[in-house]
Amino acid sequence: MNIVTLEEVKQGLRIDEDYEDSFIESITIPAAENAIRGALRRTWESLYEQHGEIPVEIKNAIIMLCGSLLKNREADATFEVKATPAFRLLLSKHIKLSK
């Protein structure tokens with residue numbers, strides 16, 4: 001289940017070229033979606049049930065994470081993904097606190 005489309009990611013990240021479309025669509029988007037779903041501790045289905053759709057804040061967070069993953073592709077021990085205040089704010093009201 002794709003939550004964001006290739007077109008949404010490219011538009012959100014201002015990517016005009018097509019040469020990385022396959023990588024973005026098959027690797028980056030699924031990785032970002034899985035990471036966000038894990039951070040929320042919820043299923044996409046539970047979000048659909050609650051909101052009738054995936055909230056735009058979550059879609060935006062996925063696009064932001066795609067940008068970070070694309071920018072920082074090298075395995076580097078000094079690299080650390082940090083949640084910016086905007087990123088935290090986008091996800092905060094959707095995080096399930098208990099299972």
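## Contacts and overall architecture

Among contacts (heavy atoms within 4.5 Å) between residues at least 6 apart in sequence, 68% join residues at least 24 apart. The structure is a predicted model, in which local features need pLDDT of at least 70 and side-chain atom pairs count only at pLDDT 80 or more, whereas totals for chains, interfaces and linings use all residues. Residues are numbered from 1 along each chain as its sequence is written, and side-chain values use heavy atoms, with hydrogens and water left out.

The protein contains five helices and zero strands, and its pattern along the sequence reads α-α-α-α-α. Helices (H or I, at least four residues) and strands (E, at least two) are DSSP runs, numbered from the N terminus. Of the 99 residues, 31% count as buried. Here buried means under 20% relative accessible area, exposed means over 50%, and partly exposed lies in between (1.4 Å probe, protein chains only). The protein exposes about 6700 Å², of which carbon and sulfur atoms supply 52%; these areas come from the Shrake-Rupley method with a 1.4 Å probe, and for residues only the protein chains shown count as cover.

## Helix H2 and threonine 28

Helix H2 has 20 residues and reaches 27 Å from its first C-alpha to its last, close to the 28 Å expected at 1.5 Å a residue. The expected span is 1.5 Å times one less than the number of residues in the helix. The buried residues of H2 are Asp21, Ile24, Thr28, Ile29, Ala32, Glu33, Ile36 and Leu40. After H2 comes arginine 41, which has a positive phi near 60°.

Threonine 28 belongs to H2 and counts as buried, at 3% relative accessibility. H2 bends by about 30° at this threonine, and proline 30 follows within four residues. The bend at a residue is the angle between axes fitted to the seven residues ending there and the seven starting there. Leaving aside neighbours within four places in sequence, threonine 28 is in contact with Phe23, Cys66, Leu69 and Leu70.

Buried in H4 are Ile58, Ala61, Ile62, Ile63, Leu65, Cys66, Gly67 and Leu70.

Arginine 73 is placed in the loop between H4 and helix H5 (85–92). This arginine is partly exposed, with a relative accessible area of 40%. Apart from neighbours within four places in sequence, arginine 73 is in contact with Glu20 and Phe23.

## The nonpolar core

A nonpolar core is a set of buried Ala, Val, Leu, Ile, Met, Phe, Trp, Tyr and Cys residues joined through side-chain atoms within 4.5 Å. The largest such core has 22 residues, and those with the most contacts inside it are Val9, Ile24, Ile36, Leu40, Trp44, Ile58 and Ile62. H1, H2, helix H3 (44–51), H4 and H5 each give two or more residues to this core. H4 gives the most, with seven residues. In soluble globular proteins, nonpolar side chains tend to be buried together.

Not counting residues up to four places away in sequence, tryptophan 44 touches Met1, Ile3, Glu33, Ile36, Arg37, Ile54, Ile58 and Ile62. Leucine 47 is found in helix H3 and counts as buried, at 0% relative accessibility. Leucine 47 and isoleucine 58 are eleven residues apart in sequence, and their C-alpha atoms are 9.9 Å apart in space.

## Salt bridges around lysine 10

A search of the whole structure finds two salt bridges, each defined as a side-chain nitrogen of Lys or Arg within 4 Å of a carboxyl oxygen of Asp or Glu. In one, the side chains of lysine 10 and aspartate 18 meet at 2.7 Å, N to O. Aspartate 18 is exposed, with a relative accessible area of 54%, whereas lysine 10 counts as buried at 12% relative accessibility.

Lysine 10 also forms a salt bridge with aspartate 21, the closest N and O atoms being 2.9 Å apart. Lysine 10 lies in helix H1 (residues 6–12) and aspartate 21 in helix H2 (residues 21–40), so the pair ties together parts that are eleven residues apart in sequence. Both lysine 10 and aspartate 21 are buried. Through shared partners, the salt bridges join Lys10, Asp18 and Asp21 into one network.
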